[in-house]
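Visitor: Could we go through this entry together, taking one element of secondary structure at a time?

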Amino acid sequence: MKTESHFAFFDEGSKKEIRRAILKAVAIPGYQVPFASREMPIARGWGTGGLQITLSIIGKTDVLKVIDQGADESVNAVSIKKLVNSTTGVKLVERTQDASIIQSRHRIPEVPLTEDQILVLQVPQPEPLRKVEAREYITKILHSEDDYSGAWLMLFEQIMKYGKTSTGADHPVYVNNRYVMAPSPIPRFDNPKMHQSDALILLGAGREKKIYAVPPYTDVKSLAFDDYPFSVESFAGKHCHLCGATEVFMDELIDTETSETIYQCNDTSYCMDRLNENEEAEVKGNYV
Amino acid sequence: MYEEPILQVRNLHKQFGPGCVQCSSSSDRHLEKNYCPNCGTVYACQNLSFDLYPGEILGIVGESGSGKSTMMQCLYFDAEVTSGEAYIADGHETAYENVFELSSQQQRFIRNHKYGMVYQNPVHGLKMNFSSVGNIAEKLIAAGNRNVADMESTSKTLLESVHIPLFRMKEAPKNFSGGMQQRVQIAKALSNNPPILFLDEVTTGLDLSVQANVLDLIKKIQRELGISMIVVSHDLAVIRMLADRTIVMLNGRIIEEGLTDQILEDPQHAYTQQLVYSLL
């Protein structure tokens with residue numbers, strides 16, 4: 001596979017088919033375009049949707065970053081990076097600013113993305129109405145008739161049960177005021193980053209064989225009732241125990257020595273960047 | 001001065017199968033019951049025409065297989081008609097258009113805003129795993145409501161009016177008895193104050209005391225809210241109690257229609273006579 005494989009693993013026909021699906025997805029924001037999901041060298045459910053998009057859009061000059069739940073160095077991210085690198089030879093990076101394609105599982109990076117970047121999200125369940133309607137045939141009709149009472153009903157039930165909407169991730173969004181879309185299991189914290197995003201956002205579900213997209217500068221609105229407005233996870237008063245960052249999405253950890261609850265940036269490359277900056281500033285300060 | 005009907009149905013026709021030379025002309029069709037012995041095409045509804053007036057209850061009786069439920073499904077857009085027209089008059093933009101020819105979005109609008117439906121089997125009308133209050137809210141959400149407090153209070157009022165104890169309102173209908181499920185379904189159908197309500201065999205399968213409860217409720221709704229209803233039943237006692245006017249169907253055709261008293265006391269058609277006199 002290392003030396004003999006085709007550029008970017010796929011044959012040209014496969015890439016063409018997936019690119020066509022992507023183009024259609026971009027043309028109809030939020031609409032789930034079916035595509036012939038390929039058998040991949042990683043298991044379905046491990047990011048095959050995102051990987052197929054990445055492999056079909058990547059070029060020799062692209063620079064790739066892969067994150068898994070915010071981390072650049074988790075096994076899943078590393079395996080995907082290795083596969084893409086060994087079949088294309090593209091440069092791999094960790095800094096968000098240096099990448100041209102960012103494949104991600106369940107997070108949008110803290111650093112705002114730019115027009116020159118493409119964000120590829122891995123999606124386990126692309127259908128926001130699946131929990132209320134099991135049949136694909138029916139959900140297609142519901143989408144076509146703009147009937148999203150099922151998605152609203154799920155939020156209503158949460159409010160009835162818990163007194164607030166309790167979506168931990170994957171809070172449904174309206175895209176371009178037409179289609180309701182599952183934003184992939186990103187935390188609610190990341191939902192507003194999709195609204196009027198500078199970067200193109202592509203979402204791929206390999207097991208469910210669907211590709212959809214949020215083109216740059218598209219309205220993305222999280223579903224919320226009039227008297228229960230949408231809110232993101234709050235980290236007020238918390239800061240990263242490594243770099244001291246505030247107002248970012250943080251992981252809650254237990255300090256093994258003191259047993260205290262501590263917080264740490266979920267986005268590892270963002271944290272690393274800040275640590276480097278801090279150190280640089282310190283060194284400069286000492287030198288002068 | 002004549003009252004204007006709220007729902008006009010003209011020549012509603014529904015067949016299952018393509019038809020053949022022997023059965024395709026509507027004037028001299030040779031059918032065995034409601035199907036063609038040659039090609040097996042079923043003519044479930046043939047040329048049904050009737051009017052529903054504001055505030056009235058229209059009863060539809062007939063034996064099983066006479067096309068009652070198929071007609072209801074067609075009117076509620078659950079099934080597509082083969083041909084026919086229906087008009088809803090209540091000052092809406094599609095007032096003078098044939099509702100069967102509207103786009104599916106417009107039909108959904110009518111379903112969500114103008115219609116209420118109570119199915120014979122609550123499984124069809126309710127989401128059994130969602131709370132009762134959520135089930136009612138679903139209809140309100142579909143009709144465009146986006147205010148939780150408002151929907152909750154509407155649901156509570158409705159559940160109270162159908163005698164569901166409020167402490168069970170957050171429970172799923174799957175935990176309820178058949179009669180309670182039916183009452184939740186009625187509450188759901190009423191939630192957006194629809195001008196037209198369809199009731200398909202609502203009391204079939206319920207025990208007598210619960211039947212009486214549900215019938216009382218329907219009568220009360222008609223009196224207090226002035227909702228027009230089409231009630232399908234094969235139970236003449238239910239029709240006698242509820243309906244102002246009655247249509248008798250047999251093999252997909254309307255064979256007799258008139259005031260309920262008139263039909264039950266002085267039936268004209270041989271089948272109606274048989275039906276009325278076979279009452280125990």
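The questions below concern a strand with its pairing partners, and then a helix, in a predicted model.

Visitor: Is strand S9 of chain A largely enclosed or open, and how many of its residues are buried?

Guide: Both faces of S9(A) are covered, with Lys210(A), Tyr212(A) and Val214(A) buried on one side and Ile211(A) and Ala213(A) buried on the other. Strand S9(A), residues 210-214, is therefore largely enclosed by the rest of the structure, the number of buried residues being 5 of the 5.

Visitor: Which residue stands opposite Lys210(A) in S9(A)?

Guide: Strand S1 of chain A, which spans residues 33-34, pairs with S9(A) in the antiparallel sense over 2 bridges. Within S9(A), the residue that Lys210(A) has opposite it is Pro34(A).

Visitor: Which residue takes a positive phi in the hairpin of S8(A) and S9(A)?

Guide: Strand S8 of chain A, residues 200-205, pairs with S9(A) in the antiparallel sense over 5 bridges, and Gly204(A) stands opposite Ile211(A) of S9(A). The hairpin of these two strands has 4 residues between them, and the residue with a positive phi, near 60°, is Lys209(A).

Visitor: Which strand is included in what covers the buried residues of H7(A)?

Guide: Helix H7 of chain A, residues 268-287, has 20 residues and reaches 28 Å from its first C-alpha to its last, close to the 28 Å expected at 1.5 Å a residue. Its buried residues are Thr268(A), Ser269(A), Tyr270(A), Cys271(A) and Asp273(A). What covers these buried residues of H7(A) includes, at residues 261-265 of chain A, strand S12.

Technical notes: Residues numbered from 1 in each chain as written. Chains lettered and ligands numbered in written order. Predicted model: local features only at pLDDT ≥ 70, side-chain atom pairs only at ≥ 80, totals over all residues. Expected span 1.5 Å × (residues − 1). Buried ≥ 20, exposed ≤ 12 C-beta atoms within 10 Å, placed from the backbone. Contact = placed C-beta atoms within 7 Å. Pairing = 2+ DSSP bridges.
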